[in-house]
Amino acid sequence: MTQFDLPLDQLHGYRSASVEPEDFDAFWAETLGEARAHELDAHFEPVTTGLSAVEVFDVTFAGFDGQPVKGWFVLPAGTTAPLPVVVEFIGYGGGRGLPHTHLLWASAGFAHFVMDTRGQGSGWATGDTPDPVGSAPAFPGFMTRGVEDPYTYYYRRVFTDAVRAVEAARSHPLVDASRTAVTGVSQGGGITIAVAGLVGDLVAVAPDVPFLCDFPRATTITDRTPYREIGNYLKTHRGRADRVRKTLAYFDGVHFAARATAPALFSTALEDLTCPPSTVFAAFNAYAEDEKAIEVYEFNDHEGGEAFQQAAQLRWLPGRLRG
């Protein structure tokens, strides 16, 4: 594979053509207000894992429409005073998996909250949260579920769950709510950007090869899934492209990035056909906070930097979380 997108010097100046809905803020205020009308009802149940360096809790909290969402909460063993917390979101098709796969941030001395993704968790890591909301006919996957109306679109529920996950993490007595960071890879990175735009008092944001950004370009520049799910839907449902584009604009990372106020560390890969680098730069260039950086992996596909990006995050994030 070779680089296929804009040259790097053009990527640094690229801007998305995505049109922000006039009622974007009102839509999300209404959505989150409806969710907050339900008690958060966050429960943290200790679980036995065979791990001695961390303590693990099975979490349930009320997400969109008060529906139960699962998660893991991981603390360094013996924690007695509140710690900064890293809230993590999962990539497309995966779920929260097993606790021993989430040791990085507790090993660095932080509390770590991992949100399960509703309806997913059967692609590459197991999940435990159903999505009880039905949808109109959709292309297999999640990208077109309810896609003809922003109120019924799947990611309205997921992004709402994610904001509530931050609130659930902050509700634990061993979390210092004033020092909260969010992170995730791919879909998790896209959710991270959405949360950055919806939660105004984060201290750090780290989206890694983020998905769900710059839909107008993403849906036309790559034929790789998951973006291709949208093209396949419109290939069958002819004449509905404008309606679908209007819905997707409410969920475009570019518009959430324009509202973000926390320092950010992005990453992208120049051979990434799943989340093309121009779509990542679209969100990065729109990101409102001046304190931002992006790691660029020239010869990688969607795997991006992997452990190298984790190392970059470990160099960058502690300074923001510890103040």
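Predicted model: local features only at pLDDT ≥ 70, side-chain atom pairs only at ≥ 80, totals over all residues.
Me: Why is Cys 213 called buried?
Reply: Buried means under 20% relative accessible area, exposed over 50%, and partly exposed in between (1.4 Å probe, protein chains only). Cys 213 has 0%, so the label is buried. Cys 275 also has 0% relative accessibility and therefore counts as buried.

Me: Why is the pair of Tyr 92 and Phe 211 called edge-to-face?
Reply: Rings of Phe, Tyr and Trp (its six-membered ring) pair if their centres lie within 6.5 Å; planes under 30 degrees apart count as stacked, over 60 as edge-to-face and the rest as tilted. Here the centres are 5.9 Å apart and the planes stand at 80°, so the pair is edge-to-face. The pair links distant parts of the chain, 119 residues apart. Tyr 92 is in the loop between strand 4 (83-89) and helix 3 (104-107), and Phe 211 in the loop between strand 7 (204-208) and helix 6. Helices (H or I, at least four residues) and strands (E, at least two) are DSSP runs, numbered from the N terminus. Both residues are buried. The structure holds 27 aromatic pairs.

Me: How do you know that Arg 96 lies over the face of Trp 72?
Reply: A charge sits over a ring if NZ of Lys or CZ of Arg is within 6 Å of the ring centre and within 35 degrees of the ring normal. Arg 96 lies at 3.7 Å from the ring centre of Trp 72. The charged end of Arg 217 sits over the ring of Tyr 14, at 5.5 Å from its centre.

Me: What makes Ser 186 and Val 209 stand out in phi?
Reply: Most residues other than glycine have a negative phi, and most peptide bonds are trans. Ser 186 has a positive phi of about 60°. Val 209 has a positive phi of about 35°. Neither is a glycine. Ser 186 is in the loop between strand 6 (175-185) and helix 5 (187-198). Val 209 is in the loop between strand 7 and helix 6. Ser 186 has 9% relative accessibility, so Ser 186 counts as buried. Val 209, at 1%, therefore counts as buried.

Me: What kind of peptide bond joins Thr 225 and Pro 226?
Reply: The bond is cis, with omega about 10°. Pro 226 lies in the loop between helix 6 and helix 7.

Me: Why does Arg 157 count as buried, and what does its side chain meet?
Reply: Arg 157 has 2% relative accessibility, so the residue counts as buried. Arg 157 lies in helix 4 (residues 154-170). Its side chain makes a polar contact with the side chain of Asp 131, at 2.9 Å. A polar contact is a pair of N or O atoms within 3.5 Å; within protein, one must be able to donate a hydrogen and the other to accept it, and residues adjacent in sequence count only if both atoms are side-chain atoms. Leaving aside neighbours within four places in sequence, Arg 157 is in contact (heavy atoms within 4.5 Å) with residues including Phe 64, Arg 118 and Thr 152.

Me: What makes a set of residues a nonpolar core, and which have the most contacts inside the largest one?
Reply: A nonpolar core is a set of buried Ala, Val, Leu, Ile, Met, Phe, Trp, Tyr and Cys residues joined through side-chain atoms within 4.5 Å. The largest has 77 residues, and Phe 89, Phe 113, Tyr 155 and Phe 159 have the most contacts inside it. Helix 4 gives the most to this core, with 10 residues. Apart from it lies another core of 12 residues, among them Val 86 and Trp 105.

Me: Why is Ala 241 called partly exposed?
Reply: Ala 241 has a relative accessible area of 22%, so the label is partly exposed. Ala 241 is in helix 8, whose buried residues are Val 244, Thr 247, Leu 248 and Ala 249.

Technical notes: Residues numbered from 1 in each chain as written. Heavy atoms only, no water.
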